Amino acid sequence: MAEYTNEIDAPVDEVIYESIKPSSPQSFFLFAGAGAGKTRTLVNVLTRFKEEFGQEYKLKNKRIAIITYTNAAADEITHRLKYSSIFNVSTIHSFCWELIKSFTPDIKTWIKSNLIVEIAELKGQQSKSRDSNNRTSIGRAKKIESKNRRLASLETIQKFIYNPNGDNLTKDSLNHTEVISITADFIKSKDLFKQILISRYPVILIDESQDTKKELIDALFELQSQYEERLSLGLFGDTMQRIYSDGKENLGIGLPEKWVKLVKKMNHRSKSRIINLINKIRIDGQEQFPRLENNGGIVRFFAVSRTKDKFETEEQIRQKMQEATKDDKWSGNDAEIMTLTLEHHMAASRMGFSNFFAPLYGVDKLKTGLLDGSSSSVNLFTKIVLPLHKAHIKKNKFEIANIVKQHSHLIDKQTLQNDGNKLQLLHTVNNKVNELLSFWSEDNHPTLLEILKKIQETNLFKIPPVLKAVLKRVNVDSDVEIEDDETTEEDEVLIAWEEALKANFAEIIKYNEYINEESKFGTHQGVKGLEFERVMVIIDDEESKGFMFSYDKLFGLKPLTTNDKKNIDEGKETGTDRTMRLFYVTCSRAKESLAIVAYTDLLEELKKNIISNGWFRENEVEVIT
């Protein structure tokens, strides 16, 4: 590598600062690979901006929009910017909702037009179906019916609701995709909306821009080209870390001449051996440099027969890594390893919460709320029942009372004010709480359905509409009240919940650890932006059951399909491209040491291919039969 210092990227901060100054706004694209310190640059630049222009922004009621990938990232940046009011740090969905939420008539018009188009398309597909009784046709008919009901109910909606971190299943709510699509359309088509946007946010900075929805990025590009003297649009990204198909391909290529193009060359995170590996995995020619003091690092590749027991084999590999690295935290009771699986259900299987997780994960519209832990139905168990259970285990009566006071409508402020015998009310509620907690006496392990029945029976907490519908569906109680139009849910959602509620409550404990990143498991996709001392990557196409990624093709164990070859000829993305980028993301999480565990039926061929690729040396590869 060429000679350099640890300050090789220092000029980048100055250029970005000059780009967002009110007197001379410039739009820019910052290429920043793994561990490049994007957040540090962002905070440094914005802290300096606040010192010079913060007062001016406050007086003019202007703000800088900083759009991040996750709530956790938004919270971190907000904290590091000391909660200054001139910065609006949020996820893309939260940002979009804040922009459109007051445009109710326009939203209604958009939804109506969109529903009419969707219904027409579904009817067209239905008319071509040869068998109206097959599963696809029946499902399509239900979708048409559901969309017609929504269309008919539009006139009664006074105001739309949306929770960026929630289910959004009621008839007056918008879903995540709609919020993005509506915002993109308004940015392109409504002059008043454009003026409000650029007046309020003269600077819009988007982190992980390569994975921001393509339609929204295109709309912002169009806005910037119209108002380039009033708007600074700043994109932070790395095309090699685009892992979702709805992001914009080749972002950073073919930008307007006036845009400033910047590159951060240093990887502050990883040791040199790991950086050398990820440089070779990259397919765009970009190269990173390690910090001068970050020499060394260990990488190992284990080709494992699919006939082996996964749990035993992975424990053996952790021991092998302990020996190779001389690092005791690779194995034993004090192990601190992040294990990355290709799909969440692989982690669920290893951690023991599959019975709860798998049915819900199988329904597309439930995935978002399930994966970020924000579903109101899930939260009944994770945010209310689980804390109650923990307080009960600790025999902390004060905490139990506090949780009930916070969440139970039976003793909210209004109810207590209206009740003539407050002491009797509190005594009654306490008995109901004890009824619920008695499930865990003598080491009992209730199912989620048993818990839900008890909550409904005691009326202790409000039950979300979807779970009410499930209770009605399973005939738990003929007195369960739910309005026919309270939820727009189709059978697949209710069936999934019906199955998930059969799970033992212990699975909620494991699930909660996983989604709150308190476990030692993550997914290849979900750890983007994170870093860990020790990383084990689990690769098994058969277990993952996915179709978007194929490590077997990436490693040359499966031939390219006719469609793959056609896409290559036409310059389109292939599954191998997506998998290569995912492989880059996973390997680049490691700071000190990295183990790749690949399950295969073609052990020697896998070993030969990954060595010939130049990714691993022969002494770094082990075959386990």
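Is His409 buried or exposed? Here are some friendly notes, starting with that residue.

1. **Ground rules.** This is a predicted model, in which local features need pLDDT of at least 70 and side-chain atom pairs count only at pLDDT 80 or more, while totals for chains, interfaces and linings use all residues. Numbering starts from 1 along each chain as its sequence is written, and side-chain values use heavy atoms, with hydrogens and water left out.

2. **His409.** His409 is buried, with a relative accessible area of 18%. Buried here means under 20% relative accessible area, exposed means over 50%, and partly exposed is in between, using a 1.4 Å probe and protein chains only. You will find His409 in the loop between helix H16 (397-407) and helix H17 (413-418). Helices are DSSP runs of H or I with at least four residues, strands are runs of E with at least two, and both are numbered from the N terminus. The side chains of His409 and Asn459 are joined by a polar contact of 3.3 Å. Such a contact is a pair of N or O atoms within 3.5 Å; within protein, one must be able to donate a hydrogen and the other to accept it, and residues adjacent in sequence count only if both atoms are side-chain atoms.

3. **Ser408.** The loop between H16 and H17 also holds Ser408, which counts as buried at 2% relative accessibility. Its side chain reaches the backbone oxygen of Leu460 at 2.6 Å. Leaving aside residues up to four places away in sequence, Ser408 touches Leu460 and Phe461, where contact means heavy atoms within 4.5 Å.

4. **Strand S1.** Five of the five residues of S1 (residues 28-32) are buried, so this strand is largely enclosed by the rest of the structure. Phe28, Leu30 and Ala32 lie on one side and Phe29 and Phe31 on the other, all of them buried. In a regular strand, side chains alternate between the two faces of the sheet. S1 runs parallel to strand S5 (residues 232-237), joined by four bridges, and pairs in the parallel sense with strand S6 (residues 260-264) over five bridges. Two strands pair if DSSP finds at least two bridges between them. Leu30 is a handy landmark: it stands opposite Phe236 in S5 and opposite Leu262 in S6.

5. **Strand S9.** Six of the eight residues of S9 (residues 298-305) are buried, leaving the strand mostly covered. Eight bridges pair S9 with strand S13 (residues 590-600) in the parallel sense, and Ser305 stands opposite Thr600 in S13. S9 also runs parallel to strand S14 (residues 621-624), with four bridges joining them; there, Phe302 has Glu622 as its bridge partner.

6. **H13 and H22.** The axes of helix H13 (residues 354-361) and helix H22 (residues 506-515) come within 8 Å and cross at roughly 65°. Axes are lines fitted to C-alpha atoms, for helices over the stretch in contact, and angles run from 0 to 180 degrees between N-to-C directions. H13 and H22 are therefore roughly perpendicular to each other; angles under 35 degrees count as roughly parallel, over 145 as roughly antiparallel, 65 to 115 as roughly perpendicular and the rest as oblique. Ser354, Asn355, Phe356 and Phe357 of H13 make the contact with Glu507, Ile508 and Tyr511 of H22.
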